[in-house]
Amino acid sequence: RVIVFNNLVLFPDTYNQKSDAKFYEAVRNSKNLINTYIFVNSNILDDVIPSEYINIFDKKSNIEIEDKRSKKEDFSYSGVLKLPLEFLEDVKSLAYSMLVEDEDGCSRTYMPLAMFNGKFYPSIALSAYALYTGQNKFILKDGYLCSEDNCRTLKMPVHQKKIKDTSRNITKGLISYFNWKTPFNKYYSHKTFSAVSVLEGRVSPNEFKNKIVIIGLNAPNHNWAKVHRTPVLEKQADIDIHAVMLGNMLENSFKTAPNRDYSPLLTIVFCFFILRGFKNFKLNIIFTSILVFLYIIYYFYEYILGI
């Protein structure tokens with residue numbers, strides 16, 4: 001149903017131009033293809049981004065965002081790593097592939113959309129969700145990214161995170177890595193196939209029927225693969241993280257942070273039962289132990305259950 005090609009096509013093949021022509025033709029004939037790119041904080045290839053590139057990005061980004069937030073202080077990327085113009089003209093949709101990390105280097109959150117040139121652009125997960133479901137209009141509210149059907153099919157909790165050394169924010173939400181239906185194997189959250197096995201015909205085409213396929217480097221120990229530390233794996237490929245968030249969106253099931261407003265009250269209740277436990281140890285040891293366990297989970301929710 002949807003193909004995400006998460007490999008950057010930066011330069012034409014000067015040694016075998018026929019291969020590029022064949023590749024571009026395949027891209028042109030694929031009506032369900034999403035190609036990826038990355039934003040940058042400076043125009044690292046040219047001082048000015050040509051207007052035709054911006055027009056193509058506007059046209060090929062398959063979402064519309066209605067911003068209903070009370071405060072709009074978004075960080076805007078200043079540049080984009082440009083792809084060959086002839087390739088961009090042939091591709092169906094575009095989505096950015098960058099991921100964000102917390103201060104400790106762990107990827108617990110996901111940026112579903114980013115601003116460039118005064119407009120929101122979709123991530124891999126949001127673009128694939130839109131192409132798969134046919135919903136391309138979304139509403140950004142205070143605290144949520146919603147589908148236009150009054151949040152019935154998509155209601156993703158999001159928050160604003162201030163960019164270091166700026167007064168601007170990015171919009172991101174917590175990733176729910178753990179799923180009882182599809183438990184992780186050693187490295188991956190979803191079914192994987194090697195490119196060699198597909199090219200050699202050792203994989204049945206039925207494996208991909210009515211599926212969302214993400215193509216990219218996902219071997220954790222490969223030199224070229226982009227890996228991140230997550231709450232569930234020390235090395236998790238970036239395309240696997242995109243796949244996890246896409247699964248969150250399709251199931252409309254997201255992880256939310258605990259409400260810290262109740263911390264003082266919880267601390268008072270906790271101390272009360274701890275003191276009672278010491279006074280009447282035999283009667284309160286079980287209840288106190290349960291309360292201690294819940295208290296720890298509450299305060300370290302995103303680290304113990306950061307899944």
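The model is predicted.

**Asparagine 62**
- Asparagine 62 sits in the loop that runs between helix 2 (51-60) and strand 4 (64-67).
- Its relative accessible area is 16%, so asparagine 62 counts as buried, the cut-off being under 20%.
- The side chains of asparagine 62 and serine 127 make a polar contact of 2.9 Å.
- Beyond residues up to four places away in sequence, asparagine 62 touches Ser93, Pro122, Ser127, Ala130, Leu131 and Asn136.

**Aspartate 238**
- Aspartate 238 belongs to helix 6 (residues 238-251).
- With a relative accessible area of 6%, aspartate 238 is buried.
- Not counting residues up to four places away in sequence, aspartate 238 touches Asn6, Leu99, Leu217, Lys226 and His228.
- The C-alpha atoms of aspartate 238 and asparagine 218 are 7.3 Å apart in space, while the two residues are 20 apart in sequence.

**Nonpolar cores**
- The largest nonpolar core holds 30 residues, and Phe138, Leu145, Met245 and Met249 have the most contacts inside it.
- Two or more residues of this core come from each of strand 1 (2-5), strand 9 (113-116), helix 4 (124-133), strand 11 (137-141) and helix 6.
- Helix 4 supplies the largest share, 6 residues.
- Leaving aside neighbours within four places in sequence, phenylalanine 138 is in contact with residues including Ile63, Ile65, Leu126, Tyr129, Ala130, Leu145 and Leu154.
- A second, separate core has 28 residues, among them Ile38, Leu81, Leu94 and Val100.

Conventions. Residues are numbered from 1 along each chain as its sequence is written. This is a predicted model: local features need pLDDT of at least 70, side-chain atom pairs count only at pLDDT 80 or more; totals for chains, interfaces and linings use all residues. Side-chain values use heavy atoms; hydrogens and water are left out. Helices (H or I, at least four residues) and strands (E, at least two) are DSSP runs, numbered from the N terminus. Buried means under 20% relative accessible area, exposed over 50%, partly exposed in between (1.4 Å probe, protein chains only). A polar contact is a pair of N or O atoms within 3.5 Å; within protein, one must be able to donate a hydrogen and the other to accept it, and residues adjacent in sequence count only if both atoms are side-chain atoms. Contact means heavy atoms within 4.5 Å. A nonpolar core is a set of buried Ala, Val, Leu, Ile, Met, Phe, Trp, Tyr and Cys residues joined through side-chain atoms within 4.5 Å.
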